[in-house]
Amino acid sequence: MIKTISLFTGAGGLDTGFVQAGFNVSLANEIMPNACKTYKLNHPQTILLEGDITKYYDCFKQELGVQVVIGGPPCQGFSVAGKMDPNDQRSQMIWRYLDIVEITKPKVFVMENVKALGKLEKWASVREKYFQRAKSLGYTCHLFILNSADFGVSEKRERAIFIGSKTPYDSNDFLNVLEKEKSKPKTVRQLFKELPHFGEVGNENTCTAFITMAKNPIMRKDPYAGTIFNGMGRPIRLDGLCQTLPASMGGNKTPIIDQRFLDNPDAGDWVTKRHDEIRDGLYKPKFEWAPDFLRRLTIKEAALIQSFPKDYQFYGNKSSVYTQIGNAVPCGLAKAIAEAVKKYFF
């Protein structure tokens, strides 16, 4: 077993994938109380340090022989969904992550964050500073932009993955190994067949936020890319893949499911039909209730889209659980990265 430490652990999506790949996550740290309780429910074998990571530096000094450090520091300061404030205190956590790398000196580290940190020119200086800090600690660090949908996850979720190694390595060589972990994902319709029917035990109606039509819809070429409903909840393409689930789910930002179309593929795609009617001037947008067969994504469905095991337990109220799921690294993506790390570096 490869001894591993997890930082900024959240509900444990990244850890779950690494454990599934055979890594031994012996120590973890998380600051959010409900996420801590969720983590302990599902990872009882791991020692969890609860609270501010900076309070535990002495504890990490005792972790001799750790081989891998993993973690996903808070991303809100870098995300296009946030204010993109370089002074956001949460953005400083990538440096606290490297502090622990400096203390524990693992063979390899894996850090996850939003795609924006890895791609936007706005954060180029941050990336350069990160690479320089890693180099000063004796690591060759490469950045990879990965899409969870390429690794069997029914969700298009792109993430920046920083991988550092004490042994110099070639990024293309690693990608060749990672390529072998790719697999075709199920459509959302296929995936939901693994759950009880909506509203039944095991897939209860956990988000009851009303759905109304937008008087001034945002129209795009793709019916699933615009917003024809009030609020930020977008419909999910049942015969395709889900777009990135947001951490702001739980209310009117929770994605929308056409239950009639889910139950009967021959019923017709209401979202596409209404979008086309608006586009062609056959329907005048107005504020009104959406049809009652449109409903919000449940907690169980959101967790399954994020590729959590079906028996994974979450602690907290509805809003907290949706947030934990939306913040998580998809377990399937994490497992693919872990398998490639194991095969390439170990």
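**View 1. Gly22 and the end of helix α1.** In this predicted model, Gly22 adopts a positive phi of about 100°. The residue lies just after α1.

**View 2. Helix α1 within its surroundings.** Helix α1 spans residues 13–20 and is largely enclosed by the rest of the structure, because six of its eight residues are buried. The buried positions are Gly13, Leu14, Asp15, Thr16, Gly17 and Phe18. Among the elements against which these buried residues pack are the strands β1 (2–7), β2 (23–30), β4 (68–71) and β5 (108–114). The helices α2 (33–42) and α13 (331–345) also pack against the buried residues of α1.

**View 3. Strand β4 and its two neighbours.** Strand β4 runs parallel to β1, to which four bridges join it. Within this pairing, Val69 of β4 is the bridge partner of Ile5. Four bridges likewise join β4 to β5, and these two strands run parallel. Here Ile70 stands opposite Val110 of β5. Val68 and Ile70 point one way from β4, whereas Val69 and Gly71 point the other way. All four of these residues are buried.

**View 4. The second largest pocket.** This pocket has a volume of about 230 Å³. Its lining comprises 15 residues, of which Gly152, Leu191, Glu194, Leu304 and Ser307 are the closest to its centre. By residue class, the lining of the second largest pocket divides into eight nonpolar, four polar and three charged residues.

Terms used:
Residues numbered from 1 in each chain as written. Predicted model: local features only at pLDDT ≥ 70, side-chain atom pairs only at ≥ 80, totals over all residues. Heavy atoms only, no water. Buried < 20%, exposed > 50% of the residue type's maximum accessible area, 1.4 Å probe, protein only. Contact = heavy atoms within 4.5 Å. 1 Å grid on protein atoms, 1.4 Å probe; cavity = no way out; pocket = protein on both sides within 12 Å on 5 of 7 lines; lining within 4 Å. Points joined across faces, edges and corners; volume = space filled by probe spheres on them. Nonpolar A, V, L, I, M, F, W, Y, C, P; charged D, E, K, R; others polar. Pairing = 2+ DSSP bridges.
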